[in-house]
Amino acid sequence: MGAFIILFAVIFGGGLLYFLFNKRNDSVLKLSLSFSGAYLLGITVTHLIPEVYSSNSGHIGVFILAGFIFQILLEFFSEGIEHGHIHVHKKHSGVFPFTMMFSLCVHSFFEGIPMADVAQRQSLMMGIAMHHVPVAFALMSMLLQSGVNRKWALFSLFLFAVMSPIGAFTGIYLGDWLQNGLFEKVMAVVIGIFLHISTTILFESDSDHRFNIIKLIIILGGAGLSLMV
Ligand SMILES: [Zn+2]
Ligand SMILES: [Zn+2]
């Protein structure tokens, strides 16, 4: 329970950072995204994929593929805010982006479910926290810059931050029901989501394929950390 409250607080705090750093610091944001992308990819291939494939659950690959495509679908609505940045910018429309918020919450909820697995909880929690802090920041800047009022923006941030813990509680609550291979299938869907998100983040953080030693070190750091948790 305590760990989930911390997860909520970290993500919520990440969104509040917007009030501290009103101006976007793109290079720091990009490096933190590279780190989280490398870490997510790392835990996916070293922790999560081996676990689901070593279970007795069948057709795991199909579920991974389904998760990957599911994330592509979500991004039609979320405009890719899951990557910690905004692709489409409708300036000062003041209209609350319901579909974006909805798909972001679905994404966040799904990612929370496998945290019901105690063996992977810590690595998953760190991965979600790391990649959702820049998302929370992007969410706040997107909402406030497009003229949504502060109360709605804070409420949206709250919803987004609380979704992964709710997903985790749902996973725990449905624990017995999810036995007999169903849990691994849900995990496989999340693996597909992670594969999509992490590779997209790494791809997008790469401007013009120019060699960047700092970024390489950051990526090695993120991947290295995934081997240690
Ligand atoms: Zn993107
Ligand atoms: Zn996420």
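Q: Let's start with one residue: where is E79 found?
A: E79 sits in the loop between helix 3 and helix 4. Helices here are DSSP runs of H or I with at least four residues, strands are E runs of at least two, and both are numbered from the N terminus. Before we go on, residues are numbered from 1 along each chain as its sequence is written, while chains are lettered from A and ligands numbered from 1 in the order in which they are written. You're also looking at a predicted model, where local features need pLDDT of at least 70, side-chain atom pairs count only at pLDDT 80 or more, and totals for chains, interfaces and linings use all residues.

Q: What is the phi of E79, and is the residue buried or exposed?
A: Phi is positive, about 60 degrees, although E79 is not a glycine. For burial, count the other C-beta atoms (placed from the backbone) within 10 Å: 20 or more is buried, 12 or fewer exposed, and in between partly exposed. E79 counts as buried because it has 20 C-beta neighbours inside 10 Å.

Q: And how does H59 read: buried or exposed?
A: H59 is another non-glycine with positive phi, near 55 degrees, and it belongs to the loop between helix 2 and helix 3. H59 has 12 other C-beta atoms within 10 Å, so it is exposed.

Q: What radius of gyration does the chain have?
A: Take it over C-alpha atoms and compare with the globule rule, 2.2 Å times the number of residues to the power 0.38. The chain has 17 Å, and because a compact globule of 229 residues would come out near 17 Å, the two agree. The C-alpha trace spans about 50 × 40 × 30 Å along its principal axes, and buried residues make up 46% of the 229.

Q: How do I read helix 1, and where does it bend?
A: Start with the span: the expected value is 1.5 Å times one less than the number of residues. Helix 1 (residues 2–20) has 19 residues and reaches 26 Å from first C-alpha to last, close to the expected 27 Å. A bend is the angle between axes fitted to the seven residues ending at a position and the seven starting there; helix 1 bends by about 25 degrees at G14.

Q: Which residues of helix 1 are buried?
A: As a general idea, an α-helix has 3.6 residues a turn, so residues three or four places apart point the same way. In helix 1 the buried ones are F4, L7, I11, G14, G15 and Y18. Their cover includes helix 5 (118–145) and helix 6 (150–173), judged by contacts, meaning C-beta atoms placed from the backbone and within 7 Å.

Q: Which residues have the most contacts inside the largest nonpolar core?
A: A nonpolar core joins buried Ala, Val, Leu, Ile, Met, Phe, Trp, Tyr and Cys residues through C-beta atoms within 7 Å. The largest has 59 residues, with A136, L139, M140, M187, V190 and I191 making the most contacts inside it. Helix 5 gives the most to this core, 13 residues.

Note on methods. Contact = placed C-beta atoms within 7 Å.
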